[in-house]
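These are my notebook entries on a few features that I looked up. The structure is shown first, and the entries follow.

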Amino acid sequence: MGGIGVTGALAAMTGCGVPPAYVDAADRESPDRSAQDRRLVFANWPLYIDVDDHDKQRRPTLDAFQKSTGTSVTYTEEINDNDEFFGKISPALMNHQATGRDLIVVSDWMCARFVRLGWVETMDRKAQPNVAKYLDPLLRTPHFDPGRMHSVPWQSGITGIAYNRRKLGREIKHTSDLWKDDLRGRVTLLSGLDEAFAMLLQGNGVDITRWTADDFHRMIDQVRGLVRRGQVRRFTGNDYIKDLDSGDVLAAQAYSGDVIQLQADNPDIEFVVPEEGAELWAESMMIPNLAAHKRNAERLIDYYYRPEVAAELAAWVNYVCPVPAAREVLASSKDKDRAKLAEDPLIFPGAQLRRRLAIARDITAGERTEFAKEWNAIVGL
């Protein structure tokens, strides 16, 4: 097992039907020190919080929380990859040890793994009235965490299609539009299985809240054929941004938050949610087992669900805001640029767009080994 690493070992054991390092609910909490120790450790992704224009070391919303509550927050930008971070903290969690972190943010497909392993604490919603009141209804009941008792979205987003309309010379409305001859060799897809599969399934008319193994295999066969005929130029991480910007590709599977920044530099870039639908995803906050400051972490989570605070964060990061009520806060701003953000459908999707968004059923532990092997053989990983 050592040769395939912690993540691979866990996946292998799960595939054999052995629950790897599962932690019972009674063993997940430690005595909370929040009352006497007013601090917490918050691990997040880089560039995922508001910063002061004149002092990049200041984070206005976080600074305001610390000032108003007297709670000191050690904020680290240490998460660069879901699997990498999982490998970093899993040895402690699987051995019933504290991670040294009170709050972490990972993608929902990775949240599913933590929840399945029993590695995160259940939150006290009575202590989080803003979460209970303002969390977007579309994000409340993911397959892996019904009721969101173990996770709360930090930011959300849409996986859709970005394309250069001027250079392509036509609109893209459907996922199948990517497979037309004029885009042969000029299309990129995301390389990560969890990031890519849902939109591709939707393009085949599949309900991603209840997709099946047969649906997945049909999609795999389709992508394999598209690669063989040269339709797909390559599979990418976030570097599709450079491909689109340079004109090397004309269309790419893309994240909504990235496209807002792209459009600022290149107004020819458009983002489309295919008519068949697109995946609404989130990167969510969780409290890992044995966190020393659980109550402080819950208080910080609830603070970011105040509409005025969520509006500040949304104005900076430009992802889909998980607090729809923040839209009215921005709309009432005297600053024209901030008020304009309230009308951006990539931050606050309108009713018509929301009807085409869905949260995908996550890939189960039993499915993952086989599906990842098939996908990675096509992608070249």
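**Entry 1: helix 2 and helix 11**

I examined how helix 2 (residues 60-69) packs with helix 11 (residues 294-303), and I noted an angle of about 125 degrees, with the axes 11 Å apart. The model is a predicted one. Helix 2 and helix 11 are therefore oblique to each other. I recorded the crossing of helix 2 past helix 11 as right-handed. On the side of helix 2, the contact is formed by Thr61, Leu62, Ala64, Phe65 and Thr69, and helix 11 contributes Asn296, Arg299, Leu300 and Tyr303. By class, I found 5 nonpolar, 3 polar and 1 charged among the residues of this contact.

**Entry 2: helix 7 and helix 16**

I then turned to helix 7 (residues 193-203) and helix 16 (residues 365-379), which pack at an angle of about 85 degrees with their axes 11 Å apart. An angle of 65 to 115 degrees counts as roughly perpendicular, and helix 7 and helix 16 are therefore described in that way. Leu193, Asp194, Ala196 and Leu200 of helix 7 meet Arg368, Phe371, Ala372 and Trp375 of helix 16. The residues of this contact comprise 6 nonpolar, no polar and 2 charged.

**Entry 3: aspartate 215**

I located aspartate 215 in helix 8 (residues 213-228). Setting aside neighbours within four places in sequence, I found aspartate 215 in contact with Leu201 and Val206.

Key. Residues are numbered from 1 along each chain as its sequence is written. This is a predicted model: local features need pLDDT of at least 70, side-chain atom pairs count only at pLDDT 80 or more; totals for chains, interfaces and linings use all residues. Side-chain values use heavy atoms; hydrogens and water are left out. Axes are lines fitted to C-alpha atoms, for helices over the stretch in contact, and angles run from 0 to 180 degrees between N-to-C directions. Helices (H or I, at least four residues) and strands (E, at least two) are DSSP runs, numbered from the N terminus. Angles under 35 degrees count as roughly parallel, over 145 as roughly antiparallel, 65 to 115 as roughly perpendicular and the rest as oblique. A crossing is left-handed if the near helix is turned anticlockwise from the far one by less than a right angle, and right-handed if clockwise. Contact means heavy atoms within 4.5 Å. Ala, Val, Leu, Ile, Met, Phe, Trp, Tyr, Cys and Pro count as nonpolar, Asp, Glu, Lys and Arg as charged, and the others, Gly among them, as polar.
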